[in-house]
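Hi,

Here is the structure for you to look over. My notes follow below it.

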Amino acid sequence: MNADLHCHSVVSDGTLTPEELARRAKAQGVALWALTDHDEIGGQARAAAAAAACGLDYLTGVEISVSFLHQTVHIVGLGFDANDAPLAEGLERTRGGRSQRAREMSAGLARVGIHGAFEGALKYAGNPNLISRTHFARFLVETGVCKDTYEVFRKYLTEGKPGFVEHRWASLKEAVRWITQAGGMAVIAHPARYKFSANEELALFTEFKGHGGLGVEVVTGSHSAAESVNYTATALEFGLAASRGSDFHSPDESRTALGALPELPAQLTPVWQLLADRIQRAPTAALI
Ligand code: AMP
Ligand code: MN
Ligand code: MN
Ligand code: MN
């Protein structure tokens with residue numbers, strides 16, 4: 001099944017609206033879709049309506065920023081009740097502090113001669129409460145400091161670089177709890193992206209399971225084929241269901257198009273099998 005359960009809209013750091021994403025997903029052959037904006041579910045109603053309008057099955061989604069062992073880990077939530085109050089409050093708290101962090105990032109960039117980055121990044125943020133490193137990256141490309149956003153991250157926005165500011169996000173326990181108590185499934189996003197030692201990664205998976213986490217992204221736009229093989233073994237070892245998602249942000253920046261991913265390995269349990277009763281089915285034409 002062509003499921004794409006990870007992508008971003010203008011509600012966080014993507015460049016397309018939820019409606020544009022739904023149409024694009026449909027055109028790409030996606031059958032089951034989830035919009036997973038960072039720390040924000042403000043696009044869920046629009047995404048679900050757009051999915052229904054263009055004949056896509058839909059799962060609610062979010063990607064929560066978590067601090068774990070001094071790194072940022074992303075936990076995707078799928079199939080939750082988007083009207084759940086504790087989830088909304090938790091996300092609001094997680095978003096808090098992004099503006100202050102952005103001002104500190106801007107100050108760091110000013111020290112190396114790049115001025116006006118806060119205002120420049122804000123211009124790109126469709127949601128002013130969700131100013132992210134991606135918006136800074138777009139500004140630094142626009143001003144010709146770097147040739148693409150990948151170069152910006154490498155030179156300016158990652159640990160040890162002038163625009164990087166350490167930030168305290170939600171705890172792993174909180175993120176898993178908010179998602180799970182809202183009736184959804186928590187999924188470790190793009191595990192190969194983190195720079196954990198083997199022991200630290202073991203701690204991540206063990207604690208995640210202990211808190212009630214049930215899934216891991218095995219096939220994602222952030223993984224090579226070898227990394228997908230590696231995390232297939234991890235999913236089996238920890239008894240986790242497997243998810244699949246492009247992590248699409250923008251037609252100009254993303255390396256993986258919506259839905260353009262390998263199938264999940266057959267020995268894994270897809271997350272959508274466990275979430276069958278949470279899928280918002282697209283209306284089908286009535287039989288005559
Ligand atoms: P933030 O939540 O503000 O820390 O921004 C994180 C976002 O920046 C991620 O969701 C990606 O969209 C993007 N990102 C993070 N690291 C990189 C990287 N090395 N190269 C390109 N984009 C990145
Ligand atoms: Mn992003
Ligand atoms: Mn992520
Ligand atoms: Mn993402």
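Predicted model: local features only at pLDDT ≥ 70, side-chain atom pairs only at ≥ 80, totals over all residues.

Metal site first. The manganese ion (ligand 4) has four kinds of entry in its donor list: His6 (NE2), His8 (NE2), Glu63 (OE) and Asp247 (OD), at 2.1 to 2.2 Å. The spacing of these donor residues in sequence is H-x1-H-x54-E-x183-D. Histidine 8 sits in the loop between β1 (3-4) and α1 (18-27), while glutamate 63 belongs to strand β4 (residues 61-68), so the pair ties together parts that are 55 residues apart in sequence. Histidine 8 and glutamate 63 are both buried. Another manganese ion (ligand 2) lies 4.5 Å from the manganese ion (ligand 4).

Now ligand 1. Residues around ligand 1 include Arg98, Ser132, Arg133, Tyr150, Phe153 and His249. Aspartate 13 places a polar side-chain atom 3.1 Å from an oxygen atom of ligand 1. Histidine 38 has a side-chain N or O atom 2.8 Å from a ligand 1 oxygen. For arginine 101, the distance from a side-chain N or O atom to an oxygen of ligand 1 is 2.8 Å. On its own, ligand 1 has 500 Å² of accessible area, and the protein covers 81% of that.

Last, the cysteines. How many disulfides are there? The count is zero. A disulfide needs two cysteine sulfur atoms within 2.5 Å. For cysteine 54, the nearest cysteine sulfur is that of cysteine 7, 12 Å away. Cysteine 54 is partly exposed, at 21% relative accessibility. Cysteine 146 is buried, at 6%.

Best wishes

Methods: Residues numbered from 1 in each chain as written. Chains lettered and ligands numbered in written order. Heavy atoms only, no water. Donors = N, O, S within 2.8 Å, 3.2 Å for Na, K, Ca; no water. Helix = DSSP H or I, 4+ residues; strand = E, 2+ residues; numbered from the N terminus. Buried < 20%, exposed > 50% of the residue type's maximum accessible area, 1.4 Å probe, protein only. Near = heavy atom within 4 Å. Polar contact = N/O pair within 3.5 Å; in protein donor to acceptor, adjacent residues only side chain to side chain. Areas by Shrake-Rupley, 256 points an atom, 1.4 Å probe, with all protein chains shown as cover.
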